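These are my notebook entries on a structure that is new to me. I record what I looked up, in the order in which I looked.

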There are 2 protein chains.
Amino acid sequence: MSYKNLDHLNQTLHALSHAMAILGADEATNMPTGGGAERANSLSALTAMHHEKASAPHIADWIEKAENSKLDTDQKHALAEFKRLYEQRTCLPAEFVGAKTKSAMKCEQLWRELRPKGDWKSFAPALGEVISFAREEAQMRSHNTGLKPYDAMIDQYDPGNKMADIDPVFAELKVFLKSFVPEALEIQKQRLADRPLKPLNAPFPVEKQRSLGQSIMKQMGFDFNNGRLDTSHHPFCGGVPTDVRMTTRYQTDTFLPGLMGILHETGHAQYEQGLPRDNAHWPHNQARGMGMHESQSLFVEMQIVRSPMFWKWVIPLISEHLGSHVFENWEIEDVLVHVNLIERGFIRVDADEVTYPLHVILRYELEQDLIGQKIEVHHIPEAWNAKMEEYLGLSTLDNMSDGPMQDVHWPAGLFGYFPSYTLGALMAAQQWASLVKQIPTAPSQIEQGNFNEINAWRAKNVWQKGSRFSTTQMMEQATGEPLNPAYFIAHLQQRYAK
Amino acid sequence: MSYKNLDHLNQTLHALSHAMAILGADEATNMPTGGGAERANSLSALTAMHHEKASAPHIADWIEKAENSKLDTDQKHALAEFKRLYEQRTCLPAEFVGAKTKSAMKCEQLWRELRPKGDWKSFAPALGEVISFAREEAQMRSHNTGLKPYDAMIDQYDPGNKMADIDPVFAELKVFLKSFVPEALEIQKQRLADRPLKPLNAPFPVEKQRSLGQSIMKQMGFDFNNGRLDTSHHPFCGGVPTDVRMTTRYQTDTFLPGLMGILHETGHAQYEQGLPRDNAHWPHNQARGMGMHESQSLFVEMQIVRSPMFWKWVIPLISEHLGSHVFENWEIEDVLVHVNLIERGFIRVDADEVTYPLHVILRYELEQDLIGQKIEVHHIPEAWNAKMEEYLGLSTLDNMSDGPMQDVHWPAGLFGYFPSYTLGALMAAQQWASLVKQIPTAPSQIEQGNFNEINAWRAKNVWQKGSRFSTTQMMEQATGEPLNPAYFIAHLQQRYAK
């Protein structure tokens, strides 16, 4: 009976989440500017409603009674994951969630307007408000879980990961990358001297880029009966598993960033579309967390796409869609210097996989200081700049658009999210190494554009598990060992220093 | 205090309505097929939530207390309209509304799939379920309002209109049209002999048609900062006043139906965009009803667009967007025979304004019989056919797609809605006659593409009034007399029989 009550509740929550997911995707892809204020109000009210229903006090009773009733294995998984989320939710009052969401929605809309102008001054007060809410939230979550405030924020996105674990991993990576980035840049310099960068035969009409992207997505396993590809300012994968809303953004002078956006988000989309469909309204059938999610996008983008095997398959497809002149007289190595170009740059989403972790570590460290109240919103420009200069030798003081205003995460109130990106990169490298050990022909299958066996491995080891196990358990089951940064470091060395 | 409670409640209801409106528009324009089942569940749950919140028993108390408190004139309008809707809502239990909506969503999705095949047999059981719900609903509404069951259904869409009023108006129209249709067809035959129909210079690429439509919409007053134009199977105007989602459908062999769809929906869109923005979450600032709404679309489509004055302005715009060859050597009269072509046809939405009311009267009569349990779902094909043969001399027995499967209304559970279309046509003719009496230069302003004064008249007399007055009061205030079918009949005679 209590389990039945919980089942009905999850159906209602699932419906509200569905609405919020589609409204969110619509806002970024379709909504006219004038619709923003009302959309913010509506999403805020829906979030509050979801929170109110999901955190009602009588649910604790249902959980306890259900725990003492006869449940099969799957129901036990369902209940455990629901309980974990319930405890995470009940530390925030509904009104706080509503106000926090409204503040974040407003800040996000302001960000969309002000980022192109780099108008930090007009933007900072709204971001300051979002940070205040994040601090208050971290305190409440800390109080409830016994975790440190910032750990309690991370725990929402990547269950179980803590500063105590991440700090040494990131410290090791930072040390490695500080020496590896200049080394790899030097090797690249020599490579480019031997094989100069060939110019791309621009322009590339958006319509043709889209059709190329759709064709590759489809063959890699994206199901267009349960999803679509749109355009937005920042690529994302949203919507719901039966209606995945994936986006990219296009430039006409090069098709590579638009295509890379598509391939990255395809990895996310496959995870969503591959989740268990039975009892999809229960949280144990939803994706494990942000780190695992990022492992799926980076598995596609970094392990598959930026390797020679992928281009062997895809170059003819590109010729078909964009014209045979695009890669005429190119060798695969000519493409690889393009897609694996390393550069010290301002923008995280445009960064290569070698410098990317440094962008993440910068944000991770600033977030620790912001949530820990060691710095305030007005310190961000200088603090950001100092780290950019130290890690990448770049100054952002006069360039807020490409500095602290570049990402949607902070305006959207997502603190604790960034570390997942790099944890995901480590997991992806480890998953790929394990897959190739089990399926030695995987690289040659990719050369044929055949993703069946590879997707089956991913479905079995990641997608179909939903949230039945912790990230660590999943990694151990799939690869035979816990998360080990050696695979990522070896991957970088193999690709950039050999 | 009670008024404040109601204000907060209306904000919550407004947020849920916002979500449902955008999800509904998204479903018809963007959603992949596989997303249908989950979308149906989600919309059903949101509808039930809206209904539960909007019909809670304690609201009656708030209304009563607010009525006895000090309110200004606008608050009195607000409360009166809210009370009317509350009483309309409270006769249906939340569970019934949820089940009814789910059944209608399923039937609508089935309709989208089966209509192209004309598969009535697979469709009928789902429609039968929707009809059962409609009958039950009509009984409940009748019980609550004291109106007859079908009147109680009409009252939701067009407050105050009753069969006792509509029957004689429709009877008069039916008599007039039965003799006028053959007469007008005979006159048209002679006109076409004098001025044969010139072929259109097809094909017309969809992209160019869209840009033409957007350009005309804009100059007529559609605000693209608060709305957009998309494509769907059936043209509609959805969304919310700050984010209007308008659609049309295109053919490439002619641009006229696509453009007419746009212009019709532009009339609806202007009403929504022109509603009062202050306290937009209160129902007295929302559109009056479906009849008044249709008067706005038909005011644009029938009174403005299908007249010589409009084409004098718009022909150069068409040449600009679609190419100067389109209307080369055409006189305005050549265009008019195209856009004012009368034809006995199967499809209501494709019908001209002369035969259109007969399509509506057919549905109105069938709905009376369906709700009155005089016929069942399996009688529809024959009953439909008999009336089509009597009114328009056409048989639909072997053509369900173009017969009872042509409209979304019944699968969507909208019984009582159809009469509004023809009541709207009558109102539009009367509004235009009154406007021209007050602004004699209106026709020559349209020839210049100047809609400022005309839109100001419509804003003052229709849009800005929201739901402060009944349809009849609004017509009397705007035109100095109650609804009078003579204007519509005179309009038809002037356009088609002179």
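I count two residues as in contact if their C-beta atoms, placed from the backbone, lie within 7 Å. I note that this is a predicted model, in which local features need pLDDT of at least 70, side-chain atom pairs count only at pLDDT 80 or more, and totals for chains, interfaces and linings use all residues. Residues are numbered from 1 along each chain as its sequence is written, while chains are lettered from A and ligands numbered from 1 in the order in which they are written.

Entry on chain A. Among contacts between residues at least 6 apart in sequence, I find that 73% join residues at least 24 apart. I list 20 helices and three strands in chain A, taking helices (H or I, at least four residues) and strands (E, at least two) as DSSP runs numbered from the N terminus. Of the 498 residues of chain A, 46% are buried; buried here requires 20 or more other C-beta atoms within 10 Å of the residue's own, exposed 12 or fewer, and partly exposed a count in between, with C-beta atoms placed from the backbone.

Entry on the two copies.

Entry on the interface. I find 27 residues of chain B in contact with 28 residues of chain A. On the chain B side, α1 (2-29), α2 (36-54) and β1 (227-231) each supply at least two residues, and α1(B) gives the largest share, seven residues. Because 100% of the interface residues of chain B are also interface residues in chain A, the copies meet through the same surface.

Entry on loops. I see a cis peptide bond, with omega about 0°, between A:Ala202 and A:Pro203; A:Pro203 sits in the loop between α8 (163-194) and α9 (206-220) of chain A. Is A:Asn329 buried or exposed? A:Asn329 has 7 C-beta neighbours inside 10 Å, so I record it as exposed. A:Asn329 is not a glycine, yet has a positive phi of about 65°, and lies in the loop between α12 (308-322) and α13 (332-339) of chain A.
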